[in-house]
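Let's take a friendly walk through a protein model together. Have the sequence and the 3D view open, and look for each part as it comes up.

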Amino acid sequence: MAPLSMLLGLLIASCFTFCLSHQNPKEFALTNPEKSSTKETERKETKAEEKLDTEVLEVFHPTHEWQALRPGQAVPAGSHVRLHLQTGAREVKLQNEDKFRNNLKELKKGKRLDIKSNTYTSQDLKSALAKFKEGAEMDSSKEDQARQAEVKRLFRPIEELKKDFDELNVVIETDMQIMVRLINKFNSSSSSLEEKIAALFDLEYYVHQMDNAQDLLSFGGLQVVINGLNSTEPLVKEYAAFVLGAAFSSNPKVQVEAIEGGALQKLLVILATEQPLAAKKKVLFALCSLLRHFPYAQQQFLKLGGLQVLRSLVQEKGTEVLAVRVVTLLYDLVTEKMFAEEEAVLTQETSPEKLQQYRQVHLLPGLREQGWCEITARLLALPEHDAREKVLQTLGAFLVTCRDHYRQNLQLSGTLASLQAEYQALAALELQDGEDEGYFRELLGSINSLLQELR
């Protein structure tokens with residue numbers, strides 16, 4: 001009995017050992033379930049990608065009719081794809097407006113693909129896409145080269161042009177070089193009167209530009225033109241003043257140099273002496289350009305007796321055109337000072353430098369003392385509507401200092417009443433023509449405002 005029990009125990013032990021030797025050891029290992037799952041997923045994705053890279057895709061050849069697309073089929077570029085909402089299947093057809101091109105021409109490993117083949121791999125698609133991009137870059141580069149070639153065909157380099165001009169004895173000059181040449185020609189004693197006038201005429205064209213006008217004074221050309229005002233030839237005075245008027249206009253740096261160079265005195269001398277009307281027009285133009293927006297020049301103008309000079313000028317016979325320009329200048333100078341004071345009030349500046357300069361210009365008292373209240377009132381009898389408009393503006397600006405004189409001037413009252421009746425009729429005609437805000441209506445408004453101020 002004992003030997004039988006021992007034999008049975010050995011048999012059971014042998015069976016247990018055999019089962020343990022054939023059991024999977026991973027089942028008894030201590031592992032992280034999440035990491036094991038992640039690694040397993042990565043291995044599956046890697047195998048799927050490797051399988052996709054080597055998988056051979058079937059080329060689907062669409063027609064102009066809708067056809068169902070099976071899974072795994074590749075759709076050529078340019079196809080029209082839609083999702084059938086009832087069946088859930090994808091359908092493909094060719095674009096209606098373009099004839100579908102189903103022959104893909106690309107290179108694979110240095111050899112052309114078989115265009116009659118019905119299949120190609122994903123690696124073939126990647127290679128074809130890379131070649132397509134390279135081709136697009138080459139086309140773009142070719143377009144740029146063609147454009148550059150066209151530009152070179154239409155335009156020539158500046159060095160080549162200069163070389164051609166040198167061969168033709170033609171010199172390309174800058175504005176500065178041209179102005180220097182014109183000044184030298186004007187200042188040369190060997191130049192004739194016609195050559196000097198031509199030089200000044202050409203110079204006036206260039207000094208309209210602010211930079212050119214400043215360059216003119218940088219090499220002393222401005223002073224040469226100012227000295228031309230002393231010429232005994234009326235034409236030289238006229239065109240020299242023409243150049244100065246263009247150079248002074250809205251150019252403070254040139255205006256300052258002109259005052260220091262004695263331009264103001266020379267201009268007033270020409271206006272005060274007997275000169276041709278054409279010369280005085282240009283000189284008055286230069287004077288206006290020098291005085292506007294330059295309070296220091298306005299101070300010097302009053303000190304040198306400029307108001308007396310202008311008064312004598314407008315009282316000469318045949319100078320009605322100049323009279324209107326003088327009145328316009330005085331109106332501008334008066335309103336300039338008023339605007340400067342208003343600007344100081346709006347900006348709340350107590351003592352700005354510009355306002356201080358204008359406060360030293362005592363223009364209105366000088367106008368009253370020199371009899372400009374009466375002179376301006378007489379100019380209202382001019383026949384031109386434009387001249388009357390400018391005179392009415394000036395009368396309104398002079399009201400601050402001339403109000404009492406205007407009220408006592410019976411001739412002015414009669415003139416205003418006559419003009420009121422005339423412009424009422426003209427304004428009525430404008431209204432009949434459908435012009436609610438016509439020119440004569442505005443003049444009538446100015447007359448009515450002035451009459452109301454004088455009551």
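**A covered helix**

Start with helix α11, which spans residues 263-272 and is mostly covered, with seven of its 10 residues buried. Those buried residues are A263, L264, K266, L267, L268, I270 and L271. Which helices do the buried residues of α11 pack against? They pack against α8 (221-227), α9 (234-248) and α10 (252-260), and also against α12 (277-291), α13 (295-303) and α14 (306-314).

**The whole chain**

Now zoom out. Keep in mind that this is a predicted model. The chain has 22 helices and eight strands. Of its 455 residues, 34% are buried. The chain exposes about 29500 Å², and carbon and sulfur atoms supply 54% of that area. What about contacts between residues at least 6 apart in sequence: what share of them join residues at least 24 apart? The share is 63%.

Next, find the strands β2, β5 and β4. They form an open sheet in the order β2-β5-β4, and the pairing is antiparallel. At the edges stand β2 (67-68) and β4 (79-83); each has a single partner strand, so one side of each is left without a neighbour in the sheet. Between β4 and β5 (residues 90-94), which run antiparallel, there are five bridges. To see the pairing residue by residue, look at R82, which stands opposite E91 in β5.

**One disulfide**

How many disulfides does the count come to? The count is one disulfide. It is formed by C373 and C402, whose sulfur atoms are 1.8 Å apart. The torsion about their S-S bond is about -65°, so this disulfide is left-handed. C373 belongs to helix α18 (residues 372-378) and C402 to helix α20 (residues 399-408), so the pair ties together parts that are 29 residues apart in sequence.

Are these two cysteines buried or exposed? C373 has a relative accessible area of 5%, so it is buried, because buried means under 20%. C402 is buried as well, at 0% relative accessibility. Another cysteine to find is C288, which is buried with a relative accessible area of 8%.

**Salt bridges**

Side chains of opposite charge can pair when their charged atoms come close. The structure holds eight salt bridges. Here are three of them, with the N to O distance and the relative accessibility of each partner.

| Salt bridge | N to O distance | Accessibility of the Arg or Lys | Accessibility of the Asp or Glu |
|---|---|---|---|
| R181 and E173 | 3.2 Å | R181: 40% | E173: 32% |
| K390 and D386 | 2.9 Å | K390: 24% | D386: 41% |
| R388 and E422 | 3.3 Å | R388: 10% | E422: 31% |

Take the pair K390 and D386 first. Both residues lie in helix α19 (residues 385-397), four residues apart, which is about one turn of the helix. An α-helix has 3.6 residues a turn, so residues three or four places apart point the same way. K390 counts as partly exposed at 24% relative accessibility, and D386 also counts as partly exposed, at 41%.

Now turn to the side chains of E422 and R388, which meet in a salt bridge. This pair links distant parts of the chain, with E422 in helix α21 (residues 410-432) and R388 in helix α19, 34 residues apart.

**The segment after α22**

To finish, look for L454, which sits in the segment after α22 (439-453). Is L454 buried or exposed? Its relative accessibility is 14%, so L454 counts as buried. Leaving out residues up to four places away in sequence, L454 touches L399, R403, Y406, R407, L412 and L416. The chain also brings L454 to S413: these residues are 41 apart along the chain, and their C-alpha atoms are separated by 8.8 Å.

Technical notes: Residues are numbered from 1 along each chain as its sequence is written. This is a predicted model: local features need pLDDT of at least 70, side-chain atom pairs count only at pLDDT 80 or more; totals for chains, interfaces and linings use all residues. Side-chain values use heavy atoms; hydrogens and water are left out. Helices (H or I, at least four residues) and strands (E, at least two) are DSSP runs, numbered from the N terminus. Buried means under 20% relative accessible area, exposed over 50%, partly exposed in between (1.4 Å probe, protein chains only). Contact means heavy atoms within 4.5 Å. A salt bridge is a side-chain nitrogen of Lys or Arg within 4 Å of a carboxyl oxygen of Asp or Glu. A disulfide is a pair of cysteine sulfur atoms within 2.5 Å. Accessible areas come from the Shrake-Rupley method with a 1.4 Å probe; for residues, only the protein chains shown count as cover. Two strands pair if DSSP finds at least two bridges between them.
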